[in-house]
Amino acid sequence: MKTHEILYQTLAQAQDYVNGEQLAQEMGLSRTSIWKAIQRLEKEGIEIESVKNRGYKILSGDLLIPQVIEDLCPLTVSYNPQCQSTQLDAKNAMEAGGQSATLYLAPFQTAGKGRFGRDYFCPSQGGIYMSLHLKPNLPFDQAPAYTLMVAAAIYKALKNLALLDVDIKWVNDIYYKGKKVGGILTEAISSIETGLITDVIIGVGLNFSITDFPKELKDKAGSLFGAQPPISRNELIAEIWKEFFTTPEEELIYLYKQRSLVLGKEVRFEQNQTSYQGLAKDISDSGQLLVQLTDGKERWLNSGEISIKQWDL
């Protein structure tokens, strides 16, 4: 672990100020090295208060530490502090022969994209941006419903760590207190020769502790926590993927349905430039949404967007 990472963990675990001389002795470093590590943490967006004769104390922000995440869950973490997109990092590594079960992680993204290529708001501090690369080598009809499973794993992780309940809007959006706090983008690569899905990349963006949103997003976007979260991003990231890998698929699908914002509500959607309205009745294990239209006919939706009649999400 790097010096600034060890220093961060020491300060994060402290209840009060920690003297610089004490830090230097415990870490076997000079005071100058401690000061340089403090400056590195501040560049990473960590707000640290320094008081003469008392020492240092973290006021806000946290640090992503790959080794901490790897110690808590069965993943290899690839960390990119200057990232355009974790989804792009995963694709580039995949093409270069990267191993399965690798998590591509970044503190922020300069070119993050959501579904349909939309720009994704990625501030320099307080977000979680990650993409998991898997090699399922399965026929399309046997591939798990990865998006549903990850959404349910996010719910379960937050419930475990912070007793926090989030909701899920079909098919890939995470909501908290009526505002969107995250999204999931799953991309699959198939082989023409074998007909198998060879690779899957699951991208996740979560507003973990973001207090300032652009004006156009303030009414729609929210954050899981405020300025002082009760848990760290490292803990949440590790818990999400631990639940994803260890919870039975049928349990995750059940939880997805239980936390659905859509089921039992009147929804609107468009197909072939025609608008439809109906009651969302069920979600299949593969992620399709069953809608009973106003004329009584039923239609399964594979993808796309819907609006809930009572309020637009």
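Me: Is D285 buried or exposed?
Reply: This is a predicted model, in which local features need pLDDT of at least 70, side-chain atom pairs count only at pLDDT 80 or more, and totals for chains, interfaces and linings use all residues. Residues are numbered from 1 along each chain as its sequence is written, and side-chain values use heavy atoms, with hydrogens and water left out. By relative accessible area (1.4 Å probe, protein chains only), under 20% is buried, over 50% is exposed and anything in between is partly exposed. D285 has a relative accessibility of 52%, and therefore counts as exposed.

Me: Which residue forms a salt bridge with K257?
Reply: A salt bridge requires a side-chain nitrogen of Lys or Arg within 4 Å of a carboxyl oxygen of Asp or Glu. In this pair the closest N and O atoms are 3.8 Å apart, and the partner is D285. The pair links distant parts of the chain, 28 residues apart: K257 in helix α8 (residues 249–258), and, in the loop between β12 (274–283) and β13 (289–293), D285.

Me: How many salt bridges does the rule count?
Reply: Another of them pairs E44 with R40, whose closest N and O atoms are 3.3 Å apart. R40 is partly exposed, at 36% relative accessible area. The count comes to 14.

Me: Which three residues of domain 1 supply 53% of the area it buries against domain 2?
Reply: The automatic or database assignment gives domain 1 (3–60), domain 2 (66–259) and domain 3 (265–311). The C-alpha centres of domain 1 and domain 2 are 31 Å apart, and the contact (heavy atoms within 4.5 Å) takes seven residues from domain 1 and six residues from domain 2. Buried area, the accessible area (1.4 Å probe) lost on putting two parts together and summed over both, is about 400 Å² here, 38% of it on carbon and sulfur atoms. The three residues, which supply more than any other three, are Q9, E44 and L59.

Me: How many residue pairs are in polar contact across the interface of domain 1 and domain 2?
Reply: The interface has zero salt bridges. A polar contact is a pair of N or O atoms within 3.5 Å; within protein, one must be able to donate a hydrogen and the other to accept it, and residues adjacent in sequence count only if both atoms are side-chain atoms. The number of such residue pairs, both at pLDDT 80 or more, is two.

Me: Which residue's side chain makes a polar contact with the side chain of H133?
Reply: H133 is in strand β5 (residues 127–134) and is buried, because its relative accessibility is 0%. Leaving aside neighbours within four places in sequence, its contacts include M94, Y104 and I201. The polar contact, at 2.7 Å, is with D199.

Definitions and conventions: Helices (H or I, at least four residues) and strands (E, at least two) are DSSP runs, numbered from the N terminus.
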